Amino acid sequence: MQRRDFVKKLGSGGLLAGSALAAPAMVNAGSRTEVKWKMVTTWPKNFPGLGTGANYLAKLIGEMSGGRIQVKVYGAKELVPAFEIFDAVSRGTAEMGHGAAYYWKGKSEAAQFFAAVPFGLTAQEMNAWFYHGGGMELWQETYAPFGLVPTAAGNTGVQMGGWFNKEINSVADLDGLKMRIPGLGGEVLRRAGGTPVSLPGGEIFTSLQSGAIDATEFVGPYNDLAFGLYKAARHYYYPGWHEPGTTLECFVNKKALEALPKDLQSIVINASRVANQDMLAEYTARNNLALGTLVNKHKVDLRRFPDDVLKTLRQLSDEVVAEIGAKDKLSKKVFESYRHFRDQAMAWHDISERAYLNARG
């Protein structure tokens, strides 16, 4: 046997042995190890913005790793139901999950702070809290008991207030209202007399059309147009008081992540950071065009929530968020960090972003 053949075979054998010890998802591809992962999502397959955001993240990981990690994306119900992806990734059925942290309040009350807080942080402020304000470390602490590593993987920006089958002229109009609205916003609606309903995206249209719910929020014009929600409700309200800067997440099975070489671990984490920025840019670029189509072509009734309604919702939101922050030791820790950062961000943005937007307006 020639020396170069012996070295080649020895190297190949070494790679195979290493992959067997590291993770069963690793396979040998000639001279390198490749990893095949599954990503389960809460979104309909290829749904604009959210589903395509998951696709983009998977593509990024593949390209940045030179094909060493290949991620196959599954839409809601393709592998597991939408609201079972957290458990699926925790137990290792899939290596990655793409959703929103407020869906997991049943696992941890503190999780809701990492998606959206009513009258809370905007997208820009959320990212600042995550990357430079201690938010990411708290998020990691929250998911650690479940064997998961969370990352921010997108943001919708300020959402719309939702679609309603009746006018909202006062707080009294919220009484008895059945509305699809997740997270902390749902509890605020309950305090206002409404009934919050939790539904995955794929079930919203039929529920609204059939009358199973009276109203729904989802995201904003870009997604709502794609879902055809204008066919099921006429009144479209703003602003999205309940979700001022909703973070979408990608969480990774910790054992699967730690089985990767350090460079691939870094690629997975930082690809999420790129996807996080890209999704926000996409929503900023597409929402107003979609809103124009809804209003001008489909004759949607665009309305602002009355000031007294927003004032009441703000008061109720402060109560709900403070109560959640007192639920347990971890929730208190996260709440105090979030509240402190929001106060700082508001003080700065009063003389920067808000002042500029008012001047421009």
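Trainee: By class, how many nonpolar, polar and charged residues are in the lining of the largest pocket?

Mentor: The general idea comes first: rolling a probe the size of a water molecule over the atoms shows where empty space is left. Here the lining of the largest pocket divides into 17 nonpolar, 13 polar and eight charged residues. Nonpolar covers Ala, Val, Leu, Ile, Met, Phe, Trp, Tyr, Cys and Pro; charged covers Asp, Glu, Lys and Arg; the others, Gly among them, are polar. Do keep in mind that this is a predicted model, where local features need pLDDT of at least 70 and side-chain atom pairs pLDDT 80 or more, while totals for chains, interfaces and linings use all residues. Residues are numbered from 1 along each chain as its sequence is written, and side-chain values use heavy atoms, without hydrogens and water.

Trainee: What volume does the largest pocket have, and which residues lie nearest its centre?

Mentor: Its volume is about 1,500 Å³. The lining has 38 residues, with Thr122, Val158, Pro239, Pro244 and Leu357 nearest the centre. Two or more lining residues come from each of helix H4 (123–132), helix H10 (262–297), helix H11 (307–324), helix H12 (329–350) and helix H13 (353–360). Helices (H or I, at least four residues) and strands (E, at least two) are DSSP runs numbered from the N terminus. On a 1 Å grid over the protein atoms alone, a pocket is an open set of points with protein on both sides within 12 Å along at least five of seven lines, a cavity is a set where a 1.4 Å probe fits but cannot get out, and lining residues have an atom within 4 Å of a point. Points join across faces, edges and corners, and volume is the space filled by probe spheres set on them.

Trainee: How many cavities of 30 Å³ or more does the structure hold?

Mentor: There are three of 30 Å³ or more. The largest cavity has about 80 Å³ of space. Of the 13 residues lining the largest cavity, Trp43, Tyr102, Gln159, Phe218 and Val219 are nearest its centre. Its lining counts eight nonpolar, three polar and two charged residues. The second largest cavity has about 60 Å³, and its lining includes Gly161, Phe164, Trp241 and Phe305. That lining has eight nonpolar residues, one polar and no charged.

Trainee: Now to charges: how many salt bridges are there?

Mentor: Side chains of opposite charge can pair when their charged atoms come close. The count here is 15, taking a salt bridge as a side-chain nitrogen of Lys or Arg within 4 Å of a carboxyl oxygen of Asp or Glu. Arginine 68 and aspartate 263 form one, at 2.7 Å from N to O. This pair links distant parts of the chain, 195 residues apart: arginine 68 is in the loop between H2 and strand E3 (69–74), and aspartate 263 is in helix H10. Glu187, Arg190, Arg191 and Glu323 are joined in a salt-bridge network.

Trainee: How far apart are arginine 286 and glutamate 282 in helix H10?

Mentor: They are four residues apart, about one turn of the helix. Their salt bridge has its closest N and O atoms 3.2 Å apart. Arginine 286 is partly exposed at 41% relative accessibility, whereas glutamate 282 is buried at 18%. Buried means under 20% relative accessible area, exposed over 50% and partly exposed in between (1.4 Å probe, protein chains only). Likewise, lysine 59 pairs with glutamate 63 at 4.0 Å. These two are separated by about one helical turn because they are four residues apart in helix H2 (residues 51–64).
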